[in-house]
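Hi,

Here is the model I wanted to pass on to you. Have a look at it first, and my notes on pockets and aromatic contacts follow below.

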Amino acid sequence: MRPAPPPVDASDPVTVQRYKAWQRTMHDQVRAYGDPDVATVAGFDVQYGGQGEPAVAAAVVLSYPDSEIVDETVVSDRPGTPYRPGLLALRELPLLLALAETLETLPDVVFCDGHGVGHPRGFGLACHLGLALDLPVVGIAKNPPYRDGIPEPGPGRGDTADIAPAADWDECPAGPVIGRSVRTRDSTKPVYVSAGHKISLDKSVELVLGTATRFRQPEPIRAADRLARAERKKLSE
DNA sequence: GCGACAG
DNA sequence: ATCTTGTCGC
């Protein structure tokens with residue numbers, strides 16, 4: 001049995017510190033390896049409205065590698081805590097777990113926005129989600145996990161560069177390679193991939209490049225993004 | 001007070 | 001993430 005997350009009040013530094021210590025501990029439960037057979041990949045995404053408005057989470061399950069729609073679902077609820085760097089799961093995990101429960105059939109792999117083990121304490125949103133669902137999850141972020149020293153991959157689609165932990169991440173139990181910058185389109189800003197759970201970094205990158213052919217973002221993520229946007233628009237009118 | 005590090 | 005027009009480029 002794994003330790004439950006400590007209750008955390010985002011405005012109370014003491015409980016936040018406890019939660020961070022728990023994250024560091026939980027990294028040991030993560031399996032940043034594995035080579036699952038993949039017939040379906042799901043993209044999960046959350047969209048937010050203004051104050052008081054509900055957040056909308058969408059999941060789209062696509063066949064792999066041909067990207068046919070297998071299933072899609074939406075759920076909406078009040079947002080979790082406000083966003084804070086390093087604590088994204090506090091904001092999005094509740095909604096994403098509710099979302100997963102609405103799927104008819106679980107996918108072989110889940111893609112979510114944000115980081116996996118490429119996180120200051122080695123336990124980003126994709127890790128939280130992977131352990132909670134006991135599914136392979138890949139973290140795909142549009143921005144790097146820290147500012148300075150992120151290696152730039154070559155300019156062509158498919159070029160990659162390994163990311164090491166930040167020099168000041170004393171508490172990070174992951175590494176020496178925590179993720180990879182991946183160029184999914186020629187001369188376009190890379191995406192930042194890290195393993196969340198039950199899948200290796202190599203396999204994660206293979207799947208990202210296999211699903212992001214024409215656009216920067218992988219197709220499952222784009223599909224979920226579109227669906228959540230559409231649903232949010234529908235709710236706001 | 002400034003700067004900042006997923007979304 | 002969201003607020004938002006025009007604008008650069010394929």
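**Pockets**

The largest pocket has a lining of 30 residues, and the ones nearest its centre are Tyr-83, Leu-88, Gly-114, His-115 and Ala-141. Keep in mind that this is a predicted model, with local features needing pLDDT of at least 70, side-chain atom pairs counted only at pLDDT 80 or more, and totals for chains, interfaces and linings using all residues. Residues are numbered from 1 along each chain as its sequence is written, chains are lettered from A and ligands numbered from 1 in the order in which they are written, and side-chain values use heavy atoms, without hydrogens and water.

A pocket here is an open set of points on a 1 Å grid over the protein atoms alone, where a 1.4 Å probe fits, with protein on both sides within 12 Å along at least five of seven lines; lining residues have an atom within 4 Å of a point. The largest one holds about 680 Å³ of space. At least two lining residues each come from strand S1 (40–47), helix H2 (88–101), helix H3 (125–133), strand S5 (137–141) and helix H5 (219–235) (DSSP runs, at least four residues for helices and at least two for strands). By class, that lining has 15 nonpolar, nine polar and six charged residues.

The second largest pocket comes to about 260 Å³. It is lined by 17 residues, with Pro-5, Trp-22, Leu-93, His-128 and Ala-132 closest to its centre. H2 contributes the most to this lining, five residues.

**Aromatic contacts**

There are three aromatic pairs (ring centres within 6.5 Å; planes under 30 degrees apart are stacked, over 60 edge-to-face, the rest tilted). Trp-22 and Phe-123 are edge-to-face, because their planes stand at 90 degrees, with ring centres 5.7 Å apart. The two sit 101 residues apart, Trp-22 in helix H1 and Phe-123 in the loop between strand S4 (109–113) and H3. Both Trp-22 and Phe-123 are buried (under 20% relative accessible area; exposed is over 50%, partly exposed in between, with a 1.4 Å probe and protein chains only). Together with Tyr-19 they form one aromatic cluster.

Tyr-146 and Trp-169 are also edge-to-face, with centres 5.2 Å apart and planes at 75 degrees. Tyr-146 is buried at 14% relative accessible area, and Trp-169 at 12%.

Finally, Arg-91 lies over the face of Tyr-48, 3.8 Å from the ring centre (the criterion is CZ of Arg or NZ of Lys within 6 Å of the ring centre and within 35 degrees of the ring normal). Arg-222 lies over Phe-215 at 3.6 Å from the ring centre.

Cheers

Methods:
Grid points are joined across faces, edges and corners, and a volume is the space filled by probe spheres set on the points. Ala, Val, Leu, Ile, Met, Phe, Trp, Tyr, Cys and Pro count as nonpolar, Asp, Glu, Lys and Arg as charged, and the others, Gly among them, as polar. Rings of Phe, Tyr and Trp (its six-membered ring) pair if their centres lie within 6.5 Å; planes under 30 degrees apart count as stacked, over 60 as edge-to-face and the rest as tilted.
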